Amino acid sequence: MKTVNGSRRYVADLSSFSPLQMWQIDAKYLADANSLPPPAYAAIFRHRLPRYQFTAIDLKTGIRFIAFAYQLTFTNGLAFMLLLKTWLRAFGVTQPLFFQTDNGPEFGG
């Protein structure tokens, strides 16, 4: 598929995937002074809470799987994907899994 400016984009046919098979994975920086109230922003540092959130969203059902990390590293990105895979397998999901990321450095991009 081509966009308005002529660049190409991958388009997935979601009807060809089973539920819990195709996942969109992203990482987010939580300690953002512009989006959090000042007391919440200060609490992140005062209580030494994790500053990053990894989120996986099943594109078919919208189910979310969330984990938190202290560092945004490739090791943590890979660990999150392995955690998601292990969790799905533990609950009987046996079909092939597809993980789509934004190619950030935390996912080896």
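Which residue in β4 is the bridge partner of M22? Here are my notes, with that one answered in point 2.

1. Ground rules. This is a predicted model, where local features need pLDDT of at least 70, side-chain atom pairs count only at pLDDT 80 or more, and totals for chains, interfaces and linings use all residues. Residues are numbered from 1 along each chain as its sequence is written, and side-chain values use heavy atoms, with hydrogens and water left out.

2. Start with β1. Strand β1 covers residues 22-29 and runs parallel to strand β4 (residues 98-100), with 3 bridges joining them. The partner of M22 in β4 is F98. On the naming: helices (H or I, at least four residues) and strands (E, at least two) are DSSP runs, numbered from the N terminus. Two strands pair if DSSP finds at least two bridges between them.

3. β1 with β2. Strand β2 takes in residues 52-58 and is joined to β1 by 7 bridges, in the antiparallel sense. If you want a spot to look at, find A27, which stands opposite F54 in β2.

4. The hairpin. β2 and β3 pair antiparallel over 6 bridges, and I57 sits opposite R64 in β3. The two strands make a hairpin with 5 residues between them, and G62 in the turn has a positive phi of about 85°.

5. For the record, buried means under 20% relative accessible area, exposed over 50%, and partly exposed in between (1.4 Å probe, protein chains only).

6. The core. The largest nonpolar core has 15 residues, and W23, I25, A56, F80 and L84 touch the most other members. β1, β2, β3 (64-69) and α2 each supply at least two residues of this core, with α2 giving the most, 4 residues. A core here is a set of buried Ala, Val, Leu, Ile, Met, Phe, Trp, Tyr and Cys residues joined through side-chain atoms within 4.5 Å.

7. A56 up close. Leaving out residues up to four places away in sequence, A56 touches W23, Q24, I25, I63, R64, F65, F80 and L84. Contact means heavy atoms within 4.5 Å.

8. A greasy patch outside. F74, L78 and L82 form a nonpolar patch on the surface, with about 270 Å² of accessible area together. L78 lies in helix α2 (residues 74-90) and is partly exposed, at a relative accessible area of 35%. Patches are made of residues with over 30% relative accessible area and no salt bridge; like charges are joined within 9 Å, nonpolar side chains (Val, Leu, Ile, Met, Phe, Trp, Tyr) within 5 Å. A salt bridge is a side-chain nitrogen of Lys or Arg within 4 Å of a carboxyl oxygen of Asp or Glu. Areas come from the Shrake-Rupley method with a 1.4 Å probe, and for residues only the protein chains shown count as cover.

9. L78 again. L78 and F107 are 29 residues apart in sequence and 6.6 Å apart in space, C-alpha to C-alpha.

10. Backbone angles to check. Most residues other than glycine have a negative phi. L20, in the segment before β1, has a positive phi near 65° and is partly exposed at 23% relative accessible area. N103, in the segment after β4, has a positive phi near 60° and counts as exposed at 58% relative accessibility.
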